[in-house]
Amino acid sequence: MTSTDLTPPAERDHSTPADPPVLLLPERPRRMGPITRALLLRFVAVVALVELAGIVLTIVGDTTWRAAGLSLVLPGGGFLFTAAPLLFVLTWAAITVALVLWWGMSGHWGIPLVWMLSAVASAALADGPRLFVDRGTTWEWAVPVVFVAAVALVAAVVRSFEVRFRRKRAMVPELNQYLASASVPPPSRPLREPDDMDAELLRWAYELTLQPIDEFRGFEWGEQFHGGTVVRYELNYLGWALAPYAVNYVPNAPAQVELALRNLVLKQTDLRVWRYWRTLNLVGNLDANPDPLVRDNIMFSGFTGDQINLYEAATGSTRFDEPGSLTFVWSDGRTFAYDHHSWMEAVQRNFEQSRLGFFPCEPGWAFAACNTIGAQALYGHDRLHGTHLWDDIEARWRQTLEDEYLMPDGKYANIRSTHTGLSWDTGETPGGEYFTTGTHHFADIAPDIARRGRALSLRGVPEKMAAVAATMVDGELPMQLPLEWERNRARTTAVPSWTKLIAGARMVGNEPLAAAAQRAHDRQCATGEVWPERPLAVGVANLALHMLVRWSTPIDNAELNARGYVAPVGPLVDAPWPAVLITLARSTDGVSLQCCLRPGATPSAEAVDVVFDQCHPGAGYHLSGDGIERLVVADEQGHASTSLVVDRPLSLRLAPSAVVDA
Amino acid sequence: MDDRSLRARRAVVVAVSLLVPLVLVVGLGHRGVHMARNVVFPGAGLIDERPVVALLFAMMAVGATVAWVRWGVDWSVLAVVLLSTAAAGALTSSDAHAAVAQVDRAAHEFPLVLIVAGAITWLRSIGGRVPGVRHLHARRARSMAGLRDIDRLSVVDRCRCGAIAALADLVPGVERDRVMASLEQPAIATRARRVGLVARGRRGGDPFRVDHAHARAALVLAGRLDTAQSQRFVTDAVDAPGGVPASEPGWVRPLDATLAAVALDRLGDAAAGRRWTQMLRGPMSLRRGHRPAFWWTPIGVSAGSAPAWEHAAMAGIARSMGWIGDEDWTALRAPVLGAAARGARVRDDERLIAAGRLLMVGIDDPQAAGIVARPTVQHDPIAVALDRLAARLSIDPGALRSAPRQYEGVPCR
């Protein structure tokens, strides 16, 4: 870690050429990409065949065959014909459940199964007894109603798609004009000093991560498929949050944070975290293999792959490069041994084998966000290890992003079915689409697309932020944000709204607003509670995301992913956890060390050994600050130590005697 | 007891089991058919005519089997069979429906009782896997605080825990004090006295004079058995069919027997290890990845599969004594890794993890070592004791073999 690494970008020497012009949107966008079209045509052909069969049976068949045919035309339609409206309603209730399971559990066979069963059942019951009407009764009026309903259903879907497409296409000239002339303000990236709230957040994060690997106190457990209580995401988010803390705040105190980051990765291999995959694989792929990396599951392999890269880039530790260092063990003792390299090779193999170019999270569902994070993971691995995993797939990945997922207005579809080519709003993001995605917003893997996405997403935002900033009084935001439900519906909280405001202010370079928003957030959301309670009134996932935004300055994870590991210069410091919490350890000049030590959860008057390393061998150092003043002499290995009573926050400076004298 | 005697006994049992039903059917006609059915399973011969009595005998059979398996009350099974057979003879008529009666001539009571015993065990294990029940088991297991809660174990498990903890050579402190205090509680002798009385009619005297391998091993290893009792322990072992005392009358269980063999070795019975090794290579040998759950001494039959944690614990101790090789690790590797993956929430998993650590001391399997090292063993007292023993052996693999022999003067035959 050199001093220039922590210099805010705005203050750096910009000797590189100016940024190229922002990428414009296609002027004649296609309705869908070639692969999506092929998938959709296949889907339409299958549905058309079923419809055709239904029509033929309805026209030429007797009562039994007509009932079956009408159920093929419209699921359960035959029940209307055979005067069994209750079964018609039940069929659609089942279709709804199957639809939810298709999305939620990758039960692709659910809707076809219900559809076909409705045909079989309506044929079987055609001559059967009826409720309230005589046996053998048929309702002839149902025939035209079913046909009209089927046509209306198809027309509604097509119209919805077409209207949306045309509305977005009409925006292209205006958006391109904006992009061609847009002046997007640079983000603010201050070098922050950790405050009391930072310390409490860090302490909580360490308590959570430094407990034994197999213990998960403090995590929120619930369903592990893709709801708001998924522990793998909590681990990802915490890893993503602590990595920038490691490089921005404690680059010269790697011991505590390295262990915390390492444990977060190791916890991902706990069976409770990843056993959901076998269920999804069985339901969605009809494959009982529990190996979480070999097929699909990019929401695990891509996310955690990215987390491993950031761990390595932040700490320099190569322990996960060792063969078998990331071994999954199934409940029957089967092992699936991976390491950082083979993990990434599995991700790349999945990309290569995917017809769409993006590969699924849950079987059959390929998300743009997850595939972007998967791409970040390959890119980061290449940067750390000099491999070409990302290079090999980059062109195809971009093609998929731009051809299959890009909408006319510059947004990307959140999701696409790899079986049918369909896409819809899953409710996870506003409108089911976004201008940028992944955790790095394309900044590392596709900077040109990132610039366009940033410009589009910040359209009108500086003005909005300025309006909020205008409400500041004496540098403070005298306001509270409304509470909103968390995704897991466990509680209401204002933290995500504040996090968005802080991030938005930073994105448009309004640091005074960002800082005021952060203080206002702390005032509204701090609980004052300590481990195992949370310091903020929010769930684990959103708390971690708040820490990610809070600590991602001046270096964010996109920059860290591109930069890779840079060893810290200047003295290093370490102290025993949990007696001492190191919240700051930086060397901005490469020779001295600024550090902040805080007492453990229960402050003690007992002295602890504070160890310094990487000092000049044999040199004397002055340790000073907060009433401490003493000389520390490094031995021949550049190692020094001193005993300190850390019963209050200590802001200390370790500097060579010569520097102090000067 | 030599192999020939045991073979002869087994032949007699098989012959009697086959002949009795045959004699009953041939000699007593329809009434004999009903009686023969009761030999096959108590109550079966009365199901047609006296269903309530049949149910009563069936329940008695299950109870007798449990008493036999848990406390060695083998006569209770025989008594129920005889009683039900006699009842069938007295309560059934000799009408014509005998013509359609069939007899399963190949069956006899011993295997059927084993099936009942197996079914009970199976039902218990299935019950333990039912989500709600499993959750309750896990919750109870998590509420234990390691060796400090040794008194919450059953007497048998308390003895096993004490013996293993003694081998682990705990540092002086609260845990060691609790273990020692637990072994001094009268409940251990009380159980031995009651089992001796009910199973074998032993009245008065030293309750530990025969059998009770787990208790005597624990007391020897903890230095709580006096010289006379130790001498009787050695004498009992030498006279015992398997070369080690039984746990309960008639039942030699592998973990108890292994602990007893170590205790005997400590007492200076240099042949104890050799005798137990013969058993481990013979009737208690590894078959299809399992070691038998028991060896029944009256006819020298081994059957069942030892629970994985007992198998691993037994094998770990026996291996550290040099009595067996690495073959048990090969068989148990997958179950141990599976337990490590599932975590230490359930008692048996926690025990298996700790026993796995013990078993793999000195085995070059870094992948497994990393996996097995991850779970935190902290709740179940036996698991914690096994974990401590594993930790001790990982520092000094020869610690058990090189331990000083106590009571060197104990006479050995």
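This is a predicted model: local features need pLDDT of at least 70, side-chain atom pairs count only at pLDDT 80 or more; totals for chains, interfaces and linings use all residues.

Me: What is the order of the strands in the open sheet of chain B?
Reply: Strand E1 (251–252) and strand E3 (301–303) of chain B each pair on one side only, and these are the edge strands. E1(B) is joined by two bridges to strand E2 (residues 294–296) of chain B, and the two run antiparallel. The open sheet of three strands, with antiparallel pairing, therefore has the order E1-E2-E3.

Me: Which residue of E2(B) stands opposite Trp251(B)?
Reply: Strands of a sheet pair through backbone hydrogen bonds, either parallel or antiparallel. For E1(B) and E2(B) the pairing is antiparallel, over two bridges. Opposite Trp251(B) stands Trp296(B).

Me: Are H6(B) and H11(B) roughly parallel, roughly perpendicular or oblique to each other?
Reply: The axes of helix H6 (residues 155–168) and helix H11 (residues 254–266) of chain B come within 11 Å and cross at roughly 45°. Angles under 35 degrees count as roughly parallel and those of 65 to 115 as roughly perpendicular.

Me: Which elements of chain B do the buried residues of H9(B) pack against?
Reply: Helix H9 (residues 213–221) of chain B is mostly covered, with nine of its nine residues buried. Among them are His214(B), Arg216(B) and Leu219(B). Just after H9(B), Gly223(B) takes a positive phi of about 70°. The buried residues of H9(B) pack against H6, helix H7 (174–183), helix H8 (186–200), helix H10 (227–239) and H11 of chain B.

Me: Turning to chain A, how many nonpolar, polar and charged residues make the contact of H2(A) with H6(A)?
Reply: Helix H2 (residues 63–73) and helix H6 (residues 142–170) of chain A pack at an angle of about 20°, with their axes 9 Å apart. H2(A) and H6(A) are therefore roughly parallel to each other, and their crossing is left-handed. The contact is made by Arg66(A), Leu70(A) and Val73(A) of H2(A) with Val143(A), Val146(A), Phe147(A) and Ala150(A) of H6(A). By class, these comprise six nonpolar, no polar and one charged.

Me: Which residue of E16(A) is the bridge partner of Tyr621(A)?
Reply: Strand E16 (residues 650–656) of chain A is mostly covered, five of its seven residues being buried. Strand E11 (residues 593–599) of chain A is joined to E16(A) by five antiparallel bridges, and Leu597(A) stands opposite Leu650(A). Strand E13 (residues 620–625) of chain A also pairs with E16(A) in the antiparallel sense, over four bridges. In E16(A), the partner of Tyr621(A) is Pro656(A).

Methods. Residues are numbered from 1 along each chain as its sequence is written. Chains are lettered from A and ligands numbered from 1 in the order in which they are written. Side-chain values use heavy atoms; hydrogens and water are left out. Axes are lines fitted to C-alpha atoms, for helices over the stretch in contact, and angles run from 0 to 180 degrees between N-to-C directions. Buried means under 20% relative accessible area, exposed over 50%, partly exposed in between (1.4 Å probe, protein chains only). Angles under 35 degrees count as roughly parallel, over 145 as roughly antiparallel, 65 to 115 as roughly perpendicular and the rest as oblique. A crossing is left-handed if the near helix is turned anticlockwise from the far one by less than a right angle, and right-handed if clockwise. Contact means heavy atoms within 4.5 Å. Ala, Val, Leu, Ile, Met, Phe, Trp, Tyr, Cys and Pro count as nonpolar, Asp, Glu, Lys and Arg as charged, and the others, Gly among them, as polar.
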